Structure formats: structure tokens, C-alpha cells
Amino acid sequence: MRIITTERLPIKIWAREVEEGALEQARHLANHPYARHHIALMPDVHQGYGMPIGGVLATEGVIIPNAVGVDVGCGVRAVRTNQTVEAVRPRLRDILNQIQRAIPTGFNHHKKPQSSPLFHRAPDVPVIREELENARYQLGTLGGGNHFIEIQRDEQDYVWIMLHSGSRNFGKKVADYYNRLAINLNERYGPPVPREWQLAYLPLDTHEGQNYLAAMQYCLEFARENRAHMMKVILEICHSLLPDFTWGEELDVHHNYAFLEKHFGQQVMVHRKGAVRAVGDVIVPGSMGSPSYICRGLANPESFASCSHGAGRVMGRNEARRRIPVEKVIKEMQALGVELFKAKKGDLAEECRQAYKDIDQVMEDQRDLVEIKIKLRPLGVVKG
Ligand code: 5GP
Ligand code: MN
Ligand code: MN
């Protein structure tokens with residue numbers, strides 16, 4: 001970890017290199033009037049909207065919608081099964097095929113509303129009221145691009161299932177609504193934050209702040225329920241195709257959220273945008289075709305007890321599409337022996353391994369944040 005200073009708070013950096021755009025955003029965070037103690041940049045840091053992805057920000061008295069991110073509650077869920085690679089291999093393509101048919105990907109949603117106890121206890125705030133009916137069709141859907149379902153193997157040859165998804169369009173509506181509200185209100189509450197920083201905040205002692213907090217927390221529940229719903233479908237498919245199929249405890253982590261925590265003796269709102277709370281078991285996905293990790297979080301106070309949420313991008317989506325042909329990505333997955341299921345391959349290059357940092361280097365860079373427990377390699381992937 002290295003430290004750079006700014007006019008106000010220091011920035012602590014776990015990444016070897018930080019692109020200029022992300023560094024500039026980190027400087028804005030460090031100079032934000034409500035930021036506290038320091039800014040932490042995880043090894044997978046890269047430029048985001050307002051705040052870099054792979055960033056951790058602690059604030060006092062306010063919450064910043066853009067420091068949570070658009071896909072509120074996006075995260076990863078993983079489970080170990082009792083099956084070996086040998087047992088699963090002959091049915092692997094059938095499993096992936098059925099997953100792809102059962103779980104809507106991209107912009108698709110379910111044709112029928114899904115049920116969940118969650119829908120009977122929604123907070124009574126404007127955007128939730130309006131979007132709740134649509135949300136019923138979005139529960140249990142993967143989304144596009146970076147979202148995935150993977151069948152993996154550990155080093156004992158046991159098969160794992162891992163998936164990455166968030167709060168779908170529901171969370172996006174909440175994020176957009178409250179970011180716009182924050183922008184409109186920021187003129188009213190001093191001190192002002194330059195508009196171009198895109199870090200408009202909502203004071204926690206206002207109606208709007210409390211409503212966003214309630215809406216965000218509900219999106220976290222919705223996102224987790226979304227992942228649980230998909231995992232259930234996948235486990236049922238596996239159960240129907242494999243004799244004696246059972247599984248262990250499901251791990252689940254959010255990587256876009258804010259939570260009130262105590263750090264350096266102070267209650268602060270910790271915003272983790274593309275970062276994970278590194279306490280207990282954590283999941284760190286690599287990228288398409290590369291390894292992923294189950295780790296033990298070391299709760300390092302210097303990172304506000306956080307770690308990276310993955311490998312992180314090195315290439316923007318457009319750049320990846322321009323530079324890497326789709327056929328090359330498909331060939332490479334074949335060479336790696338990874339079954340690739342993707343409905344629309346046009347944007348595949350955006351998600352190739354070369355568009356992300358090297359996960360093993362990222363793990364090396366955060367040895368003081370997490371300890372690796374299990375290394376997982378992909379056998380097959382359904383991409384959004
Ligand atoms: P996000 O896109 O939510 O910011 O980050 C999710 C993380 O998941 C990325 O940083 C990347 O490291 C990882 N990731 C993206 N696509 C895949 C994939 O297909 N398989 C695995 N194992 N990880 C992925
Ligand atoms: Mn997401
Ligand atoms: Mn995500």
C-alpha cells in the first residue's frame with residue numbers, strides 16, 4: 001500500500017498503477033467536505049461515474065448515491081457442491097444449456113411475475129412504489145455484459161457454482177432517481193460540491209437522505225434475493241441431472257453499497273463501490289476464463305476492512321471491442337477448455353480476459369487485505 005496526499009485527506013492505494021481518470025476522481029473524494037479519515041483504492045481500481053470502481057469512501061452525516069453505484073447491491077454468490085468434475089463433465093453442456101433457458105439474460109426478464117416475501121414489505125418511498133410491480137418480473141434475472149454464472153472446480157476437484165448479478169433495472173431506477181434528487185438539492189445544503197465531480201450528496205438528517213437509505217437497503221435485499229433465486233434454479237437443474245446432488249452453505253457478498261460502520265473510533269457511512277467488506281468469507285471473481293477466489297477477509301482497518309471486488313477493468317468497453325475480435329475470444333475459451341454460453345456474442349470482446357487486470361496480480365497486491373482459501377477455475381460460463 002502506498003499513500004498520496006491531497007489538499008485534504010490522504011489516499012491509500014493498493015493498486016500498482018492507477019489510471020489518471022480514477023486518480024482524479026479519488027482526489028475529488030479526498031476533497032469532499034463530508035469525507036473522513038482517508039480514501040482507500042483497492043487493487044482493482046478503475047474509473048467509474050463520479051467515484052472510481054474499487055474505491056472505499058467513509059463519510060459523516062451524508063450519503064452519496066454515486067458512491068454506491070448504479071447497480072445497487074451488485075454482488076457475487078457462490079456454493080460448493082458435493083459433485084466432482086468427473087461426475088459433472090458429461091452433463092456440463094446440458095446444465096449450462098438448461099440454465100441459459102431458465103434464467104433470462106441481457107435486458108430480458110421473466111414473462112410472469114415472481115413471488116417473494118420481499119414484495120410484501122417494501123419501504124413506502126416514491127421510486128420504490130412506482131417500480132415495485134416491474135421488479136416482480138426482474139427477480140431471478142442475470143442482466144448483461146459483466147454478469148455471469150460459472151460452473152467451476154476447486155483444487156480438490158469439487159464443483160462450485162458462482163454467479164454475479166445485482167438489483168437489475170429496479171436498482172438503477174433508484175440510483176438514478178436519488179442521484180438526480182441529490183444534484184437538485186445540493187444547491188440548498190452547503191458546502192457545495194462542484195457539479196462536475198458528480199458526487200452530489202444527501203444529508204442523513206433529511207427526508208430525502210432517509211428515503212434513499214431505505215430504498216438502497218431494500219435494493220440490497222432485492223439484489224441478494226435475485227442471486228438466491230437464480231442459485232435455487234441452478235441447484236434444481238443440477239439436482240435433476242445429477243444423482244445424489246447436494247450442496248453446502250451459500251456465500252454471498254455485495255460490492256456496491258453503503259453501510260454505517262465504526263472506523264478509527266467514529267461512526268461513518270462506508271461506501272464500497274466495487275469493493276467488498278473483508279470480514280469472514282469473501283468472494284473475489286477473476287474474469288472470463290481466469291481463476292476466481294474464496295478468501296478470508298483480514299479486516300484491515302487501513303482499507304476500512306475492505307478488499308477488491310474482482311480483477312477490475314484495464315480496458316473500456318469500446319476499446320476492448322475495437323481491439324479484440326470476437327472470434328479470438330471464442331477460440332481462447334475453447335483453448336482453455338471452458339464452455340461458453342452467450343446468447344448474443346456481439347459484445348463478447350468487452351468481457352474478455354485482456355479487458356481485465358490479471359487476477360493473480362490483484363491477489364498479490366491485496367495480501368494484507370485477504371488470505372486466499374480456495375482457488376476456483378472455470379469449467380463453463382453463462383454470460384449475460
Ligand atoms: P463489476 O463489473 O461488477 O464492476 O465487477 C465484477 C468483477 O467480476 C470484475 O471486476 C471481474 O473481475 C469479474 N468478472 C467479470 N466477468 C467475469 C466472468 O465471466 N467470470 C469471472 N469469474 N469473473 C468475472
Ligand atoms: Mn452489476
Ligand atoms: Mn458487479
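Modeller: With burial: a residue is buried if 20 or more other C-beta atoms lie within 10 Å of its own. Please note that this is a predicted model.

Biologist: Which residues of helix H1 are buried?

Modeller: In H1, residues 20–30, they are Ala 22, Gln 25, Ala 26, His 28 and Leu 29.

Biologist: Why do the buried residues of H1 line one face of the helix?

Modeller: In general, an α-helix has 3.6 residues a turn, so residues three or four places apart point the same way. In H1, the buried residues fall within an arc of 155° when seen down the axis, and therefore they line one face.

Biologist: Against which strands do the buried residues of H1 pack?

Modeller: They pack against strands E2 (11–13), E3 (35–46) and E4 (53–59).

Biologist: How is the protein chain as a whole to be described?

Modeller: The chain holds ten helices and 18 strands. Its radius of gyration is 20 Å, close to the 21 Å given by the globule rule for 384 residues, so the chain is as compact as a globular protein of that length. Buried residues account for 49% of the 384. Among contacts with a separation of 6 or more, 78% join residues 24 or more positions apart.

Biologist: Which residues come nearest to ligand 1?

Modeller: Of the 21 residues around ligand 1, the nearest are Asn 146, Pro 285, Met 288, Gly 310 and Ala 311. Strands E7 (148–153) and E18 (370–383) are the elements that each give two or more residues to this shell. By class, the shell comprises eight nonpolar, nine polar and four charged residues.

Terms used:
Residues are numbered from 1 along each chain as its sequence is written. Chains are lettered from A and ligands numbered from 1 in the order in which they are written. This is a predicted model: local features need pLDDT of at least 70, side-chain atom pairs count only at pLDDT 80 or more; totals for chains, interfaces and linings use all residues. A residue is near a molecule or strand if its C-beta atom, placed from the backbone, lies within 6 Å of it. Helices (H or I, at least four residues) and strands (E, at least two) are DSSP runs, numbered from the N terminus. Ala, Val, Leu, Ile, Met, Phe, Trp, Tyr, Cys and Pro count as nonpolar, Asp, Glu, Lys and Arg as charged, and the others, Gly among them, as polar. The radius of gyration is taken over C-alpha atoms; the globule rule is 2.2 Å times the number of residues to the power 0.38. A residue is buried if 20 or more other C-beta atoms lie within 10 Å of its own, exposed if 12 or fewer, and partly exposed in between; C-beta atoms are placed from the backbone. Two residues are in contact if their C-beta atoms, placed from the backbone, lie within 7 Å. The arc is that of the directions from the helix axis to the C-beta atoms.
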